[in-house]
Structure formats: structure tokens, C-alpha cells
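Please look through the sequence and the model below before reading on. The briefing that follows takes a few places in turn and describes what surrounds each of them.

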Amino acid sequence: MKQSELGTSGLSISPICLGTMTFGRPVAEAEAIQMVHGAIDLGINFIDTANVYEGYDRVLGSAGGVAEEILGKAIKDRRDQVIVATKVCAPVGPGPGDRGLSAAHILEQVDHSLRRLQVDVIDLYIMHWPDKLTPLEESLTAMDQAVKQGKVRFLGSSNHDAAQLCEMLWIAERNNLAPIVASQIPFSLLRREFHHDLNFCSEKNICVTPYQPLQGGLLTGKYRRGEQPPGESRGADKPQWLWELDDNLFDRLEGLEQLAADANLSMAQFSLAWALSQPAIGSLVVGATRLEQVQQAVAAAEATLSEELLQRVDEICPPPWTQPDPIRG
């Protein structure tokens with residue numbers, strides 16, 4: 001697979017990143033370890049997790065840590081083959097100090113993640129969500145401290161828009177702190193709210209690594225109008241994590257499925273190939289329950305889409321509206 005640069009880090013990452021949010025349930029430990037090893041053998045060198053991931057057992061404020069522990073066991077003898085990303089911010093307990101991007105929480109959680117992952121350093125440490133209660137300068141100073149302590153190599157953000165990224169870059173430059181090199185956003189054919197942020201990331205050399213590029217399985221072709229969600233799918237096991245399956249959604253899915261057929265690709269491969277064709281996107285975080293799904297994602301990384309197909313995509317799933325330039329029109 002052709003690799004991309006992880007921003008200004010100097011690291012090269014595979015176009016498919018293995019997501020681990022399913023580790024624990026529905027993907028049990030033994031199967032998850034096999035999936036990690038299989039993904040590495042396929043050429044994937046980038047793996048994403050978070051301190052709160054524990055599969056479908058996750059509830060707001062539960063302790064998390066399950067996926068990190070499983071990943072730590074999986075890479076114990078293959079550490080030099082992978083770039084590991086994990087995150088901090090989401091609740092890991094009921095108390096006010098059990099969440100957020102305060103310095104105390106960041107510096108406590110980075111140690112917990114290092115222990116569970118069984119690594120000496122985290123390659124990419126990501127601020128999982130914006131924290132409106134903590135000044136960005138405090139958060140970034142703590143993240144920089146983790147870098148200076150040798151616990152973290154590079155910094156990323158997740159679920160932050162271009163304006164927030166711009167402020168983070170400015171704070172880092174003004175205070176001589178480690179900069180953000182990667183941005184993880186929700187992005188897919190069905191979810192393009194961050195579409196107009198991609199050019200900013202490209203200009204500032206921030207590598208975008210979207211999550212949910214298959215929109216929770218909606219873009220795999222497994223859901224059909226008038227039919228119940230198939231067994232062992234997210235729609236069957238965790239319906240509250242899936243969008244409402246209405247006629248408007250199926251109109252778009254069926255249109256995209258026809259485009260995929262015209263490109264001689266599966267719907268999932270078409271969706272991933274489209275996302276990889278967008279500006280600044282270097283790797284797609286793909287969660288899976290079976291290694292076969294990872295194999296299909298790897299195949300999508302080699303696909304290219306014609307300009308005509310890309311234009312037809314915009315007719316079915318248009319990018320968000322933007323205000324015309326008042327001077328240039």
C-alpha cells in the first residue's frame with residue numbers, strides 16, 4: 001500500500017488504520033489479537049484506540065481500557081511494526097476529574113494508557129473531544145509536557161473543526177509547544193460536515209485520519225430497504241449507534257450502490273476509495289469484526305475513481321453549503 005506522511009511528524013502511515021472500538025464485544029480478545037496480527041501482515045502499520053474503548057459494553061462514564069489492554073497484548077512482540085494512536089478526554093468514571101482535557105487528567109491518563117498498551121511511548125496522543133471547561137493553553141501545555149517527558153511522540157486532535165485547529169496551532173507556535181500533526185474527524189459519503197475544513201488541513205500540513213468512513217456499516221451494502229438489519233450487524237446488536245433507516249437514507253444508499261457497481265467495486269470499497277481521494281486525508285480508521293473486512297478495506301486503498309464518478313457522488317451526497325465570496329462571487 002502507498003503510504004502517507006503523518007503531518008510533519010516524519011512518520012509514514014498506511015492508508016487504512018485499524019480501529020479497535022469493537023474490541024471486547026463483539027470482537028473477543030483472542031479474535032481481536034488475530035485481527036491485529038492479520039492487519040499487520042496485510043501491510044497496515046497504523047492502529048487507533050482510546051482509553052475509553054470497550055466495545056459494545058461501553059456506557060457513559062464506564063472505566064474503559066479494554067481495547068488498550070487487548071491491543072497491548074497483540075503488539076507486545078510486534079511493537080516495531082506499528083504506529084499506535086490513543087486518546088484522552090472522554091469520561092472514565094463518574095467524577096468531575098474523570099474526564100476532560102485538564103492537565104491533571106491528561107498526565108494521569110497517559111500513564112494509564114502506557115501501562116495498558118505495554119509500550120514505552122505513545123506514537124500519537126489525541127485529544128478525543130473539545131473540552132469547553134478547560135483553556136486550550138492548559139491542555140496543550142500538558143500534552144507538550146508528555147512529549148517532553150518522552151511518553152508521547154506526536155500530538156493529534158479529534159472532533160475539532162478548522163477554527164479550533166487554527167487556535168491550537170497558534171497557541172503552540174506562540175508558546176513553543178509541540179504542534180498538532182493529525183486531525184481525526186467523522187467523515188464519510190453520508191457525513192460531510194467537515195468537508196470544507198480539509199483544505200485548511202492540507203495547507204497547514206495536518207494529516208486527516210477520519211473515523212466512521214463506512215458510517216457504522218451503512219456504506220457496506222448490508223442494509224436493505226424494507227428488510228430487518230442482518231444478524232451480527234451494528235443495526236441488530238447496537239441499534240442506538242446507527243442512524244434511522246428511513247426512505248431518504250435508502251435513496252442515497254441505493255444511488256451510491258449503483259455508482260459502486262459502475263466502478264466494479266463493492267459499496268464499501270467505493271466509499272473508502274472516495275474518502276481517500278479527498279484533500280489532506282492520509283488514512284481511514286476502519287473498525288471491523290472480521291479480518292475479511294480489513295482485507296476488503298486494504299483492497300479499496302488501491303482503487304481510483306474517475307472524475308465523472310466523483311461528480312455523480314456530489315449529486316447524490318452533496319457537500320455542505322458554503323456562503324459565496326461577497327467580493328469574488
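Is Glu54 buried or exposed? Glu54 is buried, because its relative accessible area is 11%, where buried means under 20% relative accessible area, exposed over 50%, and partly exposed in between (1.4 Å probe, protein chains only). This is a predicted model, in which local features need pLDDT of at least 70 and side-chain atom pairs count only at pLDDT 80 or more, while totals for chains, interfaces and linings use all residues. Residues are numbered from 1 along each chain as its sequence is written, and side-chain values use heavy atoms, with hydrogens and water left out.

**Two residues with polar contacts**

- Glu54 is found in the loop between strand E4 (46-48) and helix H2 (66-75); helices (H or I, at least four residues) and strands (E, at least two) are DSSP runs, numbered from the N terminus.
- The side chains of Glu54 and Ser62 are joined by a polar contact of 2.3 Å, a term for a pair of N or O atoms within 3.5 Å; within protein, one must be able to donate a hydrogen and the other to accept it, and residues adjacent in sequence count only if both atoms are side-chain atoms.
- Leaving aside neighbours within four places in sequence, the residues in contact with Glu54 include Met21, Phe23, Arg25 and Val66, where contact means heavy atoms within 4.5 Å.
- Thr86, in strand E5 (residues 83-88), counts as buried because its relative accessibility is 0%.
- The side chain of Thr86 makes a polar contact of 2.6 Å with that of Glu68, and, not counting residues up to four places away in sequence, Thr86 also touches others, among them Thr49, Ser113, Leu117 and Tyr125.

**Helices H4 and H5**

- Helix H4 (residues 136-148) packs with helix H5 (residues 162-175) at an angle of about 60°, and their axes are 10 Å apart; axes are lines fitted to C-alpha atoms, for helices over the stretch in contact, and angles run from 0 to 180 degrees between N-to-C directions.
- On the H4 side, Leu136, Glu137 and Leu140 meet residues of H5 that include Gln164, Met168 and Ile171.
- By class, the contact of H4 with H5 has four nonpolar, two polar and three charged residues, where Ala, Val, Leu, Ile, Met, Phe, Trp, Tyr, Cys and Pro count as nonpolar, Asp, Glu, Lys and Arg as charged, and the others, Gly among them, as polar.

**Helix H10**

- In helix H10 (residues 291-300), the residues Gln293, Val294, Ala297, Val298 and Ala300 are buried.
- Seen down the axis of H10, these buried residues fall within an arc of 155°, so they line one face of the helix; the arc is that of the directions from the helix axis to the C-beta atoms.
- Strand E3 (16-19), helix H1 (29-41), helix H9 (267-276) and strand E10 (284-286) are among what covers the buried residues of H10.
- Glu292, which also has its place in H10, is partly exposed because its relative accessible area is 43%.

**Backbone details**

- The peptide bond from Arg25 to Pro26 is cis, with omega near 15°, and Pro26 lies in the loop between E3 and H1.
- Asn159, in the loop between strand E7 (152-158) and H5, has a phi near 65°, a positive value in a residue other than glycine.
- Gln212 is not a glycine and yet has a positive phi of about 55°; Gln212 counts as partly exposed because its relative accessibility is 25%.
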